[in-house]
Amino acid sequence: MNLARFPRIRLGHGPTPLEPMERLSATLGGPKLWIKRDDCTGLSTGGNKTRKLEYLLADARAQGADLVITQGATQSNHARQTAAACAKLDLACHILLEDRTGYRDPAYTHSGNVLLDKLHGASIERRPGGADMQAEMEVVAARRRAEGRKPYVIPGGGSNPVGALGYVRAAQEILSQAAEMDLRIDHLVHATGSAGTQAGLVAGLVGLSSGIPVLGIGVRAPRDRQEANVLALAQRTAAYLGLPEGTVRAEHVRANCDYVGQGYGIPTQGMVEAIRLVAQTEGLLLDPVYSGKGMAGLIDLVRKGHFRPDENVVFLHTGGAVGLFGYPDAFDLPAEAA
């Protein structure tokens, strides 16, 4: 797979670290746990979307765009990283935020990622939960074209074949790091939502004949729909890469959606426990929407004996810890000493 033939603008710090989580592994008494630190991509507190934006914004520039339009939930990590990347590249950025939780706490609606969206200079419009966000973006794009602008529309999460190239590259990076470390990776686990990260990883790891299975811990959709979304995008990404038809098959896509709870962005006890445990054993911050629920799934699977004790399990940290500031009441933190 020759990724050099696709335009890319370097936005992130890389390669991101691949580190052992020794205390967490010992605490759980399970397999050897590792973490791929894509919270360290560098752009506006980091996160997985930076890898996707390297290809998406290169495509935007190639098309002569002067305005980027994208969408996400209120506390969208993707929106924040898109706003930051546009600021860096002198592109206007307009964000549509969907209310998927119904929360009205100002900490949720105006702090965390929302504060950073505005700090990076993005303009924002709000939409109610359940809106057809792709259609809403197209309406805005048509309006801006009528005003003489040249908009480039990025789907939620940057999840299309162009954006997924970022995680094809990440697959190459992980394999290179593992080879350098003499690390046999038996499982790769991460939070999966808009499908682009998992689709890119699957296309990359399958295309490179790595034999490493990818497990996505779902944060929004039921399992059948999540797996169908990932498979369709992984196959489109493989075709975009020029891989033979049939390279990516249904058996390459696995999602576990048992840890969503009441819905996208709504805290669960497992998520709270996972964030606390990782913070207090590894000094690492997860986020309440994606990596927190992804880690909750991984911890539960470890406790259930899903992995052998001698296996190496890599958790891909997709970033987003700034979202914690949108959920101040979820963690019931102890009062300060008098």
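Me: Which handedness does the crossing of α2 and α3 have?
Reply: Right-handed, as α2 passes α3. This is a predicted model.

Me: And what angle do α2 and α3 pack at?
Reply: About 45°, with the axes 10 Å apart. At that angle α2 and α3 are therefore oblique to each other.

Me: Which residues meet there, between α2 and α3?
Reply: From α2, Lys49, Thr50, Leu53, Leu57 and Arg61. On the α3 side they meet Asn77, His78, Gln81, Thr82, Ala85, Cys86 and Leu89.

Me: What does UniProt list for Lys49?
Reply: An unreviewed UniProt entry gives "modified residue: N6-(pyridoxal phosphate)lysine" at Lys49. In the model, lysine 49 lies in helix α2, which covers residues 49–62.

Me: Is lysine 49 buried or exposed?
Reply: Buried, because its relative accessible area is 8% and the cut-off for buried is under 20%.

Me: What is lysine 49 in contact with, leaving aside neighbours within four places in sequence?
Reply: Asn77, His78, Gln81, Gly157 and Ser194. Asn77, His78 and Gln81 are also among the α3 residues that meet α2.

Me: Back to α3. How does α3 pack with α5?
Reply: At an angle of about 20°, with the axes of α3 and α5 9 Å apart. The two helices are therefore roughly parallel to each other. The crossing of α3 past α5 is left-handed.

Me: Which residues of α3 and α5 meet?
Reply: Asn77, Ala79, Arg80 and Ala83 in α3 meet Asn113, Leu116 and Asp117 in α5. Helix α5 itself spans residues 112–119.

Me: Now the sheet. What is the strand order in the open sheet of 4 strands?
Reply: β5-β4-β3-β6, with parallel pairing. β5 (123–127) and β6 (151–153) are at the edges; each has a single partner strand, so one side of each lacks a neighbour in the sheet. On average, neighbouring strands are turned by 25° against each other, direction ignored.

Me: How many bridges join β3 to β6?
Reply: 3, with β3 (residues 67–73) and β6 running parallel.

Me: Which strands does helix α6 touch?
Reply: β3, β4, β5 and β6. Helix α6 (residues 133–146) packs on the sheet, and its direction makes about 150° with that of β4.

Me: And where does helix α3 lie?
Reply: Helix α3 (residues 77–89) lies across β3 and β4 (92–98), and runs at about 170° to β4.

Technical notes. Residues are numbered from 1 along each chain as its sequence is written. This is a predicted model: local features need pLDDT of at least 70, side-chain atom pairs count only at pLDDT 80 or more; totals for chains, interfaces and linings use all residues. Side-chain values use heavy atoms; hydrogens and water are left out. Two strands pair if DSSP finds at least two bridges between them. Axes are lines fitted to C-alpha atoms, for helices over the stretch in contact, and angles run from 0 to 180 degrees between N-to-C directions. Contact means heavy atoms within 4.5 Å. UniProt positions are given in the numbering used here, feature names are shortened, and annotations may be inferred rather than shown by experiment. Buried means under 20% relative accessible area, exposed over 50%, partly exposed in between (1.4 Å probe, protein chains only). Angles under 35 degrees count as roughly parallel, over 145 as roughly antiparallel, 65 to 115 as roughly perpendicular and the rest as oblique. A crossing is left-handed if the near helix is turned anticlockwise from the far one by less than a right angle, and right-handed if clockwise.
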